[in-house]
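Hi,

Here is the structure I promised to pass on.

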Amino acid sequence: MTLKSASMQRAVLRLAHYAFCFLLLAVVLVPIHIGVFGGFKSMGELMTDPLGFPSPFDPSKYLDLLTGAQGSFWRALTNSLVIALFTVALTLAVCVMAAFALARIQFRGNALFRNYFMLGLLFPLAVAILPLYLQIRNMHLLDKYLGVILPQTAFQIPMSVLLLRGFFVGIPKDLEDACAIDGYGPLGFLTKMVLPLSTPILSTVAILVLVASWNNFFLPLLIFNANIKFTLPMGVMEFQGQHASDWNMILAYLILAMIPAVALFVAGQKYIVAGLTGGAVKG
C-alpha cells in the first residue's frame, strides 16, 4: 500500500510538472503564433480569430515591408546593424585589454581596479540618463551614431570584463612561461596565446553585447531626433504611430525586427554556453 501511494504521488507530481511546462510553453508560443500569423491576415480576420491560421495566407504585408513600400524597415535595420557592430568591436577592444591586465598582470591596486569595474554592475542606465544626455550634448554627439555607441560600450564593460577576466585567469601559467621563453612579453602572450584560446568567451561576449545593443530602445530614443537615424526598436515605435489601426502590419514589422536577433542568438547558443560554463583551460 505504501509503495502504491508513493508511486501515485510521483505520478501526480510528474503530471503537475508536465502541466506547468505546457502552461509556460503556451505563454511563450501563443504570442509568437499571433504575431507571426497575424501578419498574414486581414484586419477583420485578425480581430475575429486571432489564434487561428490565415485563410488564405496573404504575404503582402511582409512583402511591402521588405520591398520598402511600407515604412523604412531596411533603413532602421541598417542603423541597428552599424551601431551593434561598432559597439561589439569597441567593447571587445577595451574589455580584452582591461581583463587581461586584471587577470595576468600583478600591480599595485589590481584588486581596487577590479572592484571599480564591478561597481558598474550596480549602476543602471536610468540613474545616469540626465548627466549622460548633458555630456553627449556637450560633445556634440546628438543625432550621431557615436552618441549611442560610446554609452552602450561603457555600460557593457563591467559584465564583459567580469566574463573575460574569469576565463583569462584559468589559462595555465605554463603557457605564459613558454611564451616568455620564446621571447614574447605580455602583449605577445595576449595575441599569440590568450586570444586564440579564448574564442568561446570572446564569442559569448560578442553575442551578448550585440543582442543587448540590438534590443536597446531607451538610449537611441534619448540621442536620436531625426527618424533617418532610428534603430529597429525605434522604427517599431514610429511604424506603430503611423499605422495605429493596422495591427496586422505592426505585427509583421515586429516579427521581422525580431528575426535577426533571434537567429543570431540561436546560431551562437553553443558559444554562449561554452563561454559561460568553460571558465578555464585545461593544461
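Below is what turned up when I went through it.

First, a caution: this is a predicted model. The protein chain has 14 helices and 0 strands. Its C-alpha atoms fill a box of roughly 75 × 75 × 35 Å along the principal axes. The radius of gyration is 24 Å, whereas a compact globule of 283 residues would come out near 19 Å. Buried residues account for 36% of the chain. If you take the contacts between residues at least 6 apart in sequence, 70% of them join residues at least 24 apart.

Now the inside. The largest nonpolar core has 45 residues, and the ones touching the most other members are Val-161, Leu-164, Phe-168, Leu-232 and Tyr-253. Several helices supply at least two residues each, including H3 (60-67), H7 (145-169) and H13 (247-267). Helix H4 gives the most, with 12 residues.

Ile-32 sits in helix H1 (residues 2-38), and it counts as partly exposed because its relative accessibility is 40%, between the 20% and 50% cut-offs. Overall, the chain exposes about 16100 Å², and carbon and sulfur atoms supply 71% of that.

Cheers

Terms used: Residues numbered from 1 in each chain as written. Predicted model: local features only at pLDDT ≥ 70, side-chain atom pairs only at ≥ 80, totals over all residues. Heavy atoms only, no water. Core = buried A, V, L, I, M, F, W, Y, C linked by side-chain atoms within 4.5 Å. Buried < 20%, exposed > 50% of the residue type's maximum accessible area, 1.4 Å probe, protein only. Helix = DSSP H or I, 4+ residues; strand = E, 2+ residues; numbered from the N terminus. Rg over C-alpha atoms; globule rule 2.2 N^0.38 Å. Contact = heavy atoms within 4.5 Å. Areas by Shrake-Rupley, 256 points an atom, 1.4 Å probe, with all protein chains shown as cover.
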